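Hi,

Here is the structure I promised to pass on.

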Amino acid sequence: AGATTRLFTGVAEDGSTLSRTDALARLTEFMSGSPLIGVGSGTFLPRYYIFDNQWAITAIELGVLGVTAFAAIFATAMWSAWDARRRSTSPDVRLAAHALAASVLIIGLLFAFFDGLAFPIAGGLLFVLVGLCGAIRTVAVADAGHPGWGDQLEGFPAPPRAESGRPLAGAEPLDSTSHVVRSTTRRSRR
């Protein structure tokens, strides 16, 4: 009980906590050389100063534009998953989309507490989840009967669809449990 109590009551004297708050106080100092574009990706090494905050490291290395772009990755992934949740009629797709959006949001919050991109598994997981958010949106678009992105490309025929907007025979789901639609229409070359 004493150790657990000290986690919350001894924060003001904890060396680890003081190191982190001191580092954040110096953030503007480290960014002052190039606040817009930063000093370069991967150039701010722990031997200079230890930031246990990926957002702060990104601000130093990539500047305000880099932090904006990094935040846009999170925002776009979450929007894709939320859009998939809204579009899909399948409870499984809706649940998966909701879980993916929450996962990306949590990683974004956790990156405020450790330098996540310094760890290959954490960074890799982020980008796998971002890719899955885009994929689940594609599944939801197909599930809702909307034409896919490739269906409208000039010079490529759209897959056959019934009046309801659902794919015709020859463009069947991969199996009875899948919501992914594969078109068997071959693209013609000009």
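Below is what turned up, starting with how to read the numbers.

Keep in mind that this is a predicted model, where local features need pLDDT of at least 70, side-chain atom pairs count only at pLDDT 80 or more, and totals for chains, interfaces and linings use all residues. Residues are numbered from 1 along each chain as its sequence is written, and side-chain values use heavy atoms, with hydrogens and water left out.

Let's begin with the salt bridges (a side-chain nitrogen of Lys or Arg within 4 Å of a carboxyl oxygen of Asp or Glu). The whole structure has four of them. One partner of Asp83 is Arg87, at 2.7 Å from N to O. Those two sit four residues apart in helix H4, so about one helical turn separates them. (Helices here are DSSP runs of H or I with at least four residues, strands are runs of E with at least two, and both are numbered from the N terminus.) Arg87 itself is partly exposed, at 22%.

Asp83 also pairs with Arg137, again with the closest N and O atoms 2.7 Å apart. Arg137 belongs to helix H6 and Asp83 to helix H4, so this pair ties together parts that are 54 residues apart in sequence. Both of these residues are buried. Put together, Asp83, Arg86, Arg87 and Arg137 form a network of salt bridges.

Elsewhere, Glu29 and Arg26 meet in a salt bridge at 2.8 Å, N to O. Glu29 is partly exposed at 45%, and Arg26 is partly exposed too, at 27%.

Next, the nonpolar cores (sets of buried Ala, Val, Leu, Ile, Met, Phe, Trp, Tyr and Cys residues joined through side-chain atoms within 4.5 Å). The largest has 19 residues, and Phe74 and Val104 have the most contacts inside it. Helices H4 (54-87), H5 and H6 each give two or more residues to this core. Beyond its neighbours within four places in sequence, Phe74 is in contact (heavy atoms within 4.5 Å) with Trp55, Val104, Ile107, Gly108, Phe111 and Leu126. There is also a second, separate core of ten residues, with Ala23, Phe44, Ala56 and Ala59 among them.

Then there is Asp115, in the loop between helix H5 (91-110) and helix H6 (120-143). Is Asp115 buried or exposed? Asp115 is buried, with a relative accessible area of 15%. Apart from neighbours within four places in sequence, Asp115 touches Phe51, Asp52, Asn53, Gln54 and Ile57.

Leu105, by contrast, is found in helix H5 and is partly exposed at 38%. Its C-alpha atom is separated by 9.2 Å from that of Ala77, 28 residues apart along the chain.

Last, the second largest pocket. On a 1 Å grid over the protein atoms alone, where a 1.4 Å probe is used, a pocket is an open set of points with protein on both sides within 12 Å along at least five of seven lines, and lining residues have an atom within 4 Å of a point. This one holds about 320 Å³ of space, the volume being the space filled by probe spheres set on the points, which are joined across faces, edges and corners. Of its 18 lining residues, Gln54, Ile57, Glu61, Leu117 and Ala118 are the closest to its centre.

Cheers

How values were computed. Buried means under 20% relative accessible area, exposed over 50%, partly exposed in between (1.4 Å probe, protein chains only).
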